[in-house]
Amino acid sequence: MRITDIQRCEVRPGRLVEWTLSPETVAAAAGLPDDSRPPSYIQESHIRTARSVRQDGLFVPTWIGTAFDLAGPVDLDLLQECLRAWTVRHETLRSGFRWTGASGDELRRFTLDAADVSLRRETVGDFSDADELTRHLQHRFDTVADALRWPNLIYTAVVRDDSASVYMAFDHSNVDAYSLHGIAAEIEELYTAGQEGRGPVVRTPAASYIDFCEIERADADRVDDGHETVARWREFIRRCDGTLPGFPVDLGLEPGGPLPRQRMLSEPLADADTAAAFETYCRPYGGSLVGLLAATALIVHELGGQSVYRTVVPFHTRVKSRWSDSVGWYVGGAPIEVPVAETPDLPSTLRAVRAELQANRPMSRMPLARVLRLLGTDFRPTSPDLYSIVSFVDARGIPGAARWAEQRAYGLLRVSYGDQVCVWVNRVHDGLWLAARYPDTDVAGKNLRLYVERLRDLMTATAR
């Protein structure tokens, strides 16, 4: 699935319809007792960061979403049934948080029963101008899919005679990028079954992300500051001058300046043949992720001059198959350090990255927010991103991936404010797709363009 923002996902005119959780559902939630299952560390960190940034006077939308088409004249009643059935299948989407305690600083969960969830549909109106429709969608998603409110999800459809484009947005606390990849196929399966008169597709409830949160948090809370993972993070942060690593090239930022606006870069990185050849070249060292990180290490050394490339590599935490089709935020991070001054060529850098990943990937199962708490390190959250990332996902095996181009399917990111660089590379059937958000400065724009061009050149060279 190609990752981009709402401005670049082929929004076309039509009649806009939207669904939100109904007033009856919201009222039912208000009267619920606390759910004893806690937020995950990553959920709590996300919500507390959003509150801290908001208290500093800046509204930073952090929703993520998906877009895809359904063919033919669309039955809105049936689509609504499908959206509700999909929503209640994933327990985290009917769960939220509220601030409690004497100081109002304790985050407690509440969770609705599936039977108490219903959607309200509203026809917003006809839009003949795609840009105006895009602006409206972004504003609605910013307003509704907000970390500091509940409900914080919204579904829309732009309806035309021959098709409908579905846009769904969620606060990040309940959904990760992998979750987004499966939505188009699940909704289309439910919709097609209804169209063909097979009745609703009866699918067992997906494994609950809320149950995962409880298990992961209990495991993390058993760890103390003497644990090996905590000690290794302590040393890594010390070598990063007491913080977490950024993207090691000049971004043109003023030290201590306000949080800058960001820009989006979203484009093909390599065609299918080049992607396959790059994978073949890197396979003896561990595959395309190792190759992407090694290439990045060499390129940022060239652009920025640092002798060691340090970064935090995101990994999914769906370590058991039961979580594979569960919607949630199953992401952890592992630190790596690549001594690029000592690895002047690609093969030696590949070997160094492989060794770091093999040694450190298990560290991603320990939530970083728990580690930082144990370290007593107060990285006061002033930015939605604690550190820069370079992420790789081979998405070709995800159900429905072969139809993404036909469905005009996208994963959507909100680009607003931030002082970090986040890069996502997805392997899809037609090659490699790159998306990045970065500070909106001339220097950052120039260096990100150089990074992408050199990455493309390096991949093409290995393919030869």
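1. Basis of the note. The model is predicted, so that local features need pLDDT of at least 70 and side-chain atom pairs count only at pLDDT 80 or more, while totals for chains, interfaces and linings use all residues. Residues are numbered from 1 along each chain as its sequence is written, and side-chain values use heavy atoms, with hydrogens and water left out.

2. Strand β7. Helices (H or I, at least four residues) and strands (E, at least two) are DSSP runs numbered from the N terminus. Strand β7 (residues 153-159) is largely enclosed by the rest of the structure, because seven of its seven residues are buried; buried means under 20% relative accessible area, exposed over 50%, and partly exposed in between (1.4 Å probe, protein chains only). Leu-153, Tyr-155, Ala-157 and Val-159 point one way from β7, and Ile-154, Thr-156 and Val-158 point the other way; all are buried.

3. Partners of β7. Two strands pair if DSSP finds at least two bridges between them. β2 pairs with β7 in the antiparallel sense over five bridges, and Glu-18 stands opposite Thr-156 in β7. The pairing of β7 with β8 is also antiparallel, over seven bridges, and here Leu-153 stands opposite Phe-170 in β8. A hairpin through three residues joins β7 to β8.

4. Strand β15. Which residues of strand β15 (residues 431-439) are buried? Nine of the nine are, so β15 is largely enclosed by the rest of the structure. Strand β9 (residues 262-271) runs antiparallel to β15 and is joined to it by nine bridges; Arg-263 has Tyr-438 in β15 as its bridge partner. Strand β14 (residues 422-428) pairs with β15 in the antiparallel sense over seven bridges, with Cys-422 opposite Arg-437 in β15. β14 and β15 form a hairpin with two residues between them.

5. Nonpolar cores. A nonpolar core is a set of buried Ala, Val, Leu, Ile, Met, Phe, Trp, Tyr and Cys residues joined through side-chain atoms within 4.5 Å. The largest such core has 70 residues, of which Phe-68, Leu-79, Trp-86, Tyr-155, Met-168 and Phe-170 touch the most other members. Helix α3 (residues 76-89) supplies the largest share of this core, six residues. A second, separate core of 48 residues includes Cys-282, Ala-297, Val-300 and Leu-350.

6. Surroundings of Met-168. Contact means heavy atoms within 4.5 Å. Leaving aside neighbours within four places in sequence, Met-168 is in contact with Ile-64, Gly-65, Thr-66, Phe-68, Leu-83, Trp-86, Ile-154, Tyr-155 and Ile-183.

7. On a 1 Å grid over the protein atoms alone, a cavity is a set of points where a 1.4 Å probe fits but cannot get out, and lining residues have an atom within 4 Å of a point. Grid points are joined across faces, edges and corners, and a volume is the space filled by probe spheres set on the points. A search of the whole structure finds two cavities of 30 Å³ or more. The largest holds about 50 Å³ of space and is lined by Cys-9, Glu-10, Arg-12, Ala-67, Phe-68, Asp-69, Ser-165, Tyr-167, Arg-408 and Tyr-410. β3 (64-71) and β8 (163-170) each supply at least two residues of this lining, and β3 gives the most, with three. The lining residues divide into five nonpolar, one polar and four charged; Ala, Val, Leu, Ile, Met, Phe, Trp, Tyr, Cys and Pro count as nonpolar, Asp, Glu, Lys and Arg as charged, and the others, Gly among them, as polar.

8. Second largest cavity. The volume of the second largest cavity is about 40 Å³. Met-1, Ile-3, Ala-177, Leu-180, His-181, Gly-411, Leu-412 and Leu-413 line this cavity, with at least two residues from each of α5 (177-181) and β13 (410-413). By class, the lining has six nonpolar, two polar and no charged residues.

9. Ser-22. Ser-22 lies in the loop between β2 (14-21) and α1 (23-30). Is this residue, Ser-22, buried or exposed? Ser-22 is buried, with a relative accessible area of 2%. Not counting residues up to four places away in sequence, Ser-22 touches Ser-118, Leu-119 and Arg-120.

10. Ala-50. Ala-50 is placed in helix α2 (residues 41-55) and is buried, with a relative accessible area of 15%. Residues touched by Ala-50, not counting those up to four places away in sequence, are Ala-147 and Leu-148. The C-alpha atoms of Ala-50 and Val-60, ten residues apart along the chain, are separated by 7.4 Å.

Conventions:
On a 1 Å grid over the protein atoms alone, a cavity is a set of points where a 1.4 Å probe fits but cannot get out, and a pocket is an open set with protein on both sides within 12 Å along at least five of seven lines; lining residues have an atom within 4 Å of a point.
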